[in-house]
Amino acid sequence: MNLSELERHEIEAILEEIGEPRFHGRQIFRWIYRHGITRFDDMTNLPLSLRTKLTTVATIDSPVVAERQISSDGTTKWNLRVSDDRHIESVYIPDTPGQTFCVSTQVGCAMACGFCLTGTMGLLRHLTAGEIAAQVRVLAHATKLADTAFNIVLMGMGEPLHNYDATMKALRILADPDGLALHPKRITLSTVGLLPALERLATEPLM
């Protein structure tokens with residue numbers, strides 16, 4: 001099982017299912033998001049027996065940095081390779097009122113907007129909730145901003161509302177106070193306005 005796809009309460013439930021105390025799930029969640037640690041052996045406040053067990057039954061997947069390009073103003077474009085060897089883009093934009101990460105929600109896009117190069121690819125697949133959240137996790141720790149306030153914009157590759165459930169789950173993961181604690185006011189979702197997903201979004205509780 002891939003723990004990066006799970007919200008904190010789901011990790012806690014998994015721990016209980018394998019006969020371990022639930023509170024270890026909170027500890028694991030904190031290691032992944034607050035500290036950027038994805039190796040169980042490095043989660044030093046977990047019992048050795050649990051770390052050994054987790055190594056045999058679970059993984060924590062992360063996209064791999066395939067390329068990084070930095071402009072003169074510090075804006076950085078990251079080419080990330082996901083689990084099936086497809087590539088997505090994420091961008092760090094420092095020159096904003098608050099540090100901002102621009103993240104993708106799909107590989108390609110089905111909307112085919114005339115101004116967007118991604119639209120010429122067509123939709124190759126949706127990203128999972130874990131893949132969306134992992135972009136923020138990887139960039140936040142790489143830029144050493146995980147302990148500070150930052151913004152995210154869902155404005156990379158893909159249409160967020162076309163991948164609604166995974167996008168919302170990723171935002172819940174990122175907003176969890178035991179993780180990166182991303183405040184809802186620091187999230188911008190850019191959309192072409194898909195209905196009925198837009199109507200659903202208007203009443204969506206983030207937490």
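Predicted model: local features only at pLDDT ≥ 70, side-chain atom pairs only at ≥ 80, totals over all residues.
On the α4 side the meeting residues are Ala129, Ile132, Ala133 and Val136, and on the α5 side they are Ala166, Thr167, Lys169, Ala170, Ile173 and Leu174. Sorted by class, this contact of α4 with α5 has eight nonpolar residues, one polar residue and one charged residue.

A second pair of helices can be read in the same way. Helix α1, made of residues 8-17, and helix α2, made of residues 23-33, have axes that come within 7 Å and cross at roughly 135 degrees, and that angle makes α1 oblique to α2. Here, too, the crossing is right-handed as α1 passes α2. From α1 the contact involves Arg8, Ile11, Glu12 and Leu15, while α2 brings His24, Gly25, Arg26, Ile28 and Phe29 to it. By class, the contact of α1 with α2 has four nonpolar, two polar and three charged residues.

In soluble globular proteins, nonpolar side chains tend to be buried together. The largest nonpolar core of this model has 51 residues, and those with the most contacts inside it are Leu3, Ile28, Met43, Phe101, Val136, Phe150 and Ile152. Of these, Ile28 belongs to the α2 side of the contact with α1, and Val136 is one of the α4 residues that meet α5. Around Ile152, once its neighbours within four places in sequence are left aside, the contacts are Phe101, Val136, Leu171, Leu174, Leu182, Arg186, Ile187 and Thr188. Among them, Leu174 is also one of the α5 residues that meet α4.

A last stop is Gly119, which lies in the loop between β5 (106-108) and β6 (123-126). Is this residue Gly119 buried or exposed? Gly119 has a relative accessible area of 14%, and because buried means under 20%, it counts as buried. Not counting residues up to four places away in sequence, Gly119 touches Cys109 and Ala112. The C-alpha atoms of Gly119 and Glu159 are separated by 9.8 Å, although these residues are 40 residues apart along the chain.

Conventions: Residues numbered from 1 in each chain as written. Heavy atoms only, no water. Core = buried A, V, L, I, M, F, W, Y, C linked by side-chain atoms within 4.5 Å. Buried < 20%, exposed > 50% of the residue type's maximum accessible area, 1.4 Å probe, protein only. Contact = heavy atoms within 4.5 Å. Helix = DSSP H or I, 4+ residues; strand = E, 2+ residues; numbered from the N terminus. Nonpolar A, V, L, I, M, F, W, Y, C, P; charged D, E, K, R; others polar. Axes fitted to C-alpha atoms, helices over the stretch in contact; angles between N-to-C directions. Parallel < 35°, antiparallel > 145°, perpendicular 65-115°, else oblique. Left-handed = near helix turned anticlockwise from the far one by under 90°.
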